[in-house]
Amino acid sequence: MRKLINSTYVTLDGVIENPMWTSPYFDEEAMGLAGEQTDEADAMLMGRATYDGMSVAWPSMDESDPNTGAAYFNNVKKYVASTTLTNPTWRNTEVLQGDLVEAVTALKAREGKNIIQYGFGSVTAQLINAGLVDEVRFWIHPVLEGAANLTAPLTDFKASFDLVDTRVHKSGVIVASYRPKTTA
């Protein structure tokens, strides 16, 4: 079965939205780890807010420059969890139909590499509660943004995790990887 890996950039004060603050920290170490993640994934899963942000940014980036990641993001198979998006314009994007848990269970059962998910919101919370997220990677950046710390508050969501890996980059970025604990 394929793994679903969530990878989320976050500041010290918990901001994940509009991660332009990652740019100064996206050095060779970060590029290496980001490249490992995309090399190991042949599909990407997004909620609507993440889709709206990424589908505007990535298509305008230079796909011929391997340092941008644009060739991967523009061409990888993308799945969007949305009840309102009907005609996605970003190349190779499919809107998941029906029940989210059933749709992602079916995606994970297909042959292939990992499924990567960026951002952390209600879609991730639902999938963690359903036992479908195999690992979360928080890229903690040494930045304070002073903004709202989640795109949408997750008021009824609680979860515990086991630490599976920690990488400390020279830039000060800490990538903490966790496996959700099962509630059974």
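Rings of Phe, Tyr and Trp (its six-membered ring) pair if their centres lie within 6.5 Å; planes under 30 degrees apart count as stacked, over 60 as edge-to-face and the rest as tilted. The model is predicted: local features need pLDDT of at least 70 and side-chain atom pairs pLDDT 80 or more, while totals for chains, interfaces and linings use all residues. Residues are numbered from 1 along each chain as its sequence is written, and side-chain values use heavy atoms, without hydrogens and water.

**Exercise 1.** State how many aromatic pairs the rule gives, and classify the pair of Phe120 and Phe138.

Solution. The count is nine aromatic pairs. The rings of Phe120 and Phe138 are 5.7 Å apart, centre to centre, with 35 degrees between the planes, and the pair is tilted.

**Exercise 2.** Explain which parts this pair ties together.

Solution. Helices (H or I, at least four residues) and strands (E, at least two) are DSSP runs, numbered from the N terminus. Phe120 lies in the loop between strand S5 (114-118) and helix H5 (122-129), and Phe138 lies in strand S6 (residues 135-141), so the pair joins parts 18 residues apart in sequence. Phe120 is buried, with a relative accessible area of 11% (buried means under 20%, exposed over 50%, partly exposed in between, with a 1.4 Å probe and protein chains only). Ring pairs link Phe120 and Phe138 with Phe157, Phe161 and Tyr178 into a cluster.

**Exercise 3.** Give the strand order of the open sheet and name its edge strands.

Solution. Two strands pair if DSSP finds at least two bridges between them. The eight strands are ordered S4-S3-S2-S5-S1-S6-S8-S7, with mixed pairing. Strand S4 (93-96) and strand S7 (161-168) are the edges, each pairing on one side only.
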